[in-house]
Amino acid sequence: MITLRINGLDVSVEKGTTLLEAARFLGFAIPTLCHMDGLSPYGACRLCVVEIGEAPKAKLVSSCTYPAEEGLKVRTTSSRVLRARRMILELLLASCPQSKTIQDLASKHGIRRQRFKQEYEDCILCGLCVRMCEEQMMAKAIGFRNRGENREIGTPFDVKSDVCRLCGGCMYICPVCQLRCTYNEPEKAICGGCMNLSPPCIEKEPFDDMMCYMDPCVACEIQNNK
Amino acid sequence: MKQEAFASSSDRVEVCEDVDVTNILRILEKHNEDRGGLIAILEEIQGEYGYLPEEALRIVSDRSRRSLVDVYGVATFYRSFSLKPRGKHLVCACLGTACHVRGAPRIVEELKHQLGIKPGETTPDKEFTLETVNCLGACALGPVVVIDGHYFSKVRTSRIGQLLDEARKGFDSAEIGKDKRIFPISVSCPHCNRSLMDETLPIDGYPSIKVNITHDHEEGWLRLSCLYGSHNIAAELDIPGNTVVKIHCPHCGLEILCTSDCSMCRAPMVPMLVHGGGVVKICSRRGCKNHMLDLV
């Protein structure tokens, strides 16, 4: 057993437990996008950052991949962590502004405006679908390809994969939910996870492509400030 | 049409024409089964075809227990792998910071102008492929252009026409004596340290390196060119290509062997001492041109 201190509370966990699991065991909420029980930790979204160590040498690590260490001091909601998390969320929001999941998280973290150019990507490269396909569906139909800013997820050679069984697991698990978002036809949605009962913002002239689910609405806030 | 595209991989392997299945299997056999060998396999396939054909990648994943996703991911990750057919000659211009400030963009413009293609494209006659890289690690020599694996330093726009002409003729036919990359070395046996140089039968106009070889219970001499960079040899025995021979010292009779294997074909390398300090290693496989020179 390993004893560590999270936000001032001592906790004993088994060897190999990650900081995220230990913190969640104690009831401290850490937001995640690329983590899911049953899939291997990946550390792609960085939202789960926590601060470890003592003041001058304290550093930020992704809690979903960091194994618990004896005597480690962890802070899950220090101002440094929150600042980093807000920045990560702003960047994620800029790349995928249509994602309800990211909008909700951003709203929860007090992000009221988007400072970065919106890219309208449909992927944050969190790798959940790739791991789902490989580890739970045992298929390996999709994977990462290319590199750097051209990195994307898809099937080899862009043709339907021989090993894909159309299980829909990759779409079900996607936090950006571009693929499954059929909010105005909920009966067609695979999961209904992105069904939103309140209507998208009407006053969205500068954000023509955007469906704003944020509370309060980003588009309206910016327009009111003008 | 669509049906064909969605055909299963085993059907695909049979319909492919340009890619020889046995050829790929031969490459696969050479490498062990673990995951680490994938890049070496892909490099060899690319060496054979000039690019990575789709069928070849499917065969690799089918026969080596790697998933196609992984193979495809590696093939698209590295810049040196190409999934599109390339031209006969690969022209690579460095656009790294050092080369950039020394005028690499002008070099690329000139290459684009003379070849009539953009970086990443191949000329319609399938002669040249133009590519840019971000650094070749030879910043002091910038701007650097690499054509068919030959590095050219401090390239000026005026030199490009000449370089492309040379590439068309082939750099391997470079004239001995004029080319600074080809120079003579004298070597001796690593066991008895006696000179292996033999003046009775010169090759390339220089004394040759004489060793004894055994192959298939036959013994005979083998004379190698002492010019570093020349692959000319003379042999008493008729050795078929792709066979590994044992090389002995003609003086002490001991087999010249070394612990390392050839990085290209995994045959044992043969070390010889260079007069003046250093070791030269050559591959013991007939036809493999791998060699390295380590001067002290």
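Predicted model: local features only at pLDDT ≥ 70, side-chain atom pairs only at ≥ 80, totals over all residues.

Biologist: How is the size of an interface often given?

Modeller: The size of an interface is often expressed as the accessible area that is lost when the parts come together. Here, chain A and chain B bury about 1400 Å² between them, and carbon and sulfur atoms give 64% of that area. On the side of chain A, A:Lys140, A:Arg147 and A:Phe157 supply 45% of the area buried against chain B, more than any other three residues.

Biologist: How many residues does each chain bring to the contact?

Modeller: Chain A contributes 14 residues and chain B contributes 18 residues.

Biologist: Which residues form a salt bridge, and how far apart are their closest N and O atoms?

Modeller: One salt bridge is found across the interface of chain A and chain B. A:Lys140 pairs with B:Asp70, and their closest N and O atoms are 2.4 Å apart. The residues of chain A that touch chain B comprise six nonpolar, three polar and five charged. Four residue pairs are in polar contact across the interface.

Biologist: Where do residues other than glycine have a positive phi?

Modeller: B:Asp148 has a phi near 50°; B:Asp148 lies in the loop between β3 (145-147) and β4 (150-152) of chain B. In chain A, A:Leu125 has a positive phi of about 55° and lies in the loop between α3 (100-108) and α4 (128-136).

How values were computed: Residues numbered from 1 in each chain as written. Chains lettered and ligands numbered in written order. Heavy atoms only, no water. Helix = DSSP H or I, 4+ residues; strand = E, 2+ residues; numbered from the N terminus. Contact = heavy atoms within 4.5 Å. Buried area = accessible area lost by both parts, 1.4 Å probe. Salt bridge = Lys/Arg side-chain N within 4 Å of Asp/Glu carboxyl O. Polar contact = N/O pair within 3.5 Å; in protein donor to acceptor, adjacent residues only side chain to side chain. Nonpolar A, V, L, I, M, F, W, Y, C, P; charged D, E, K, R; others polar.
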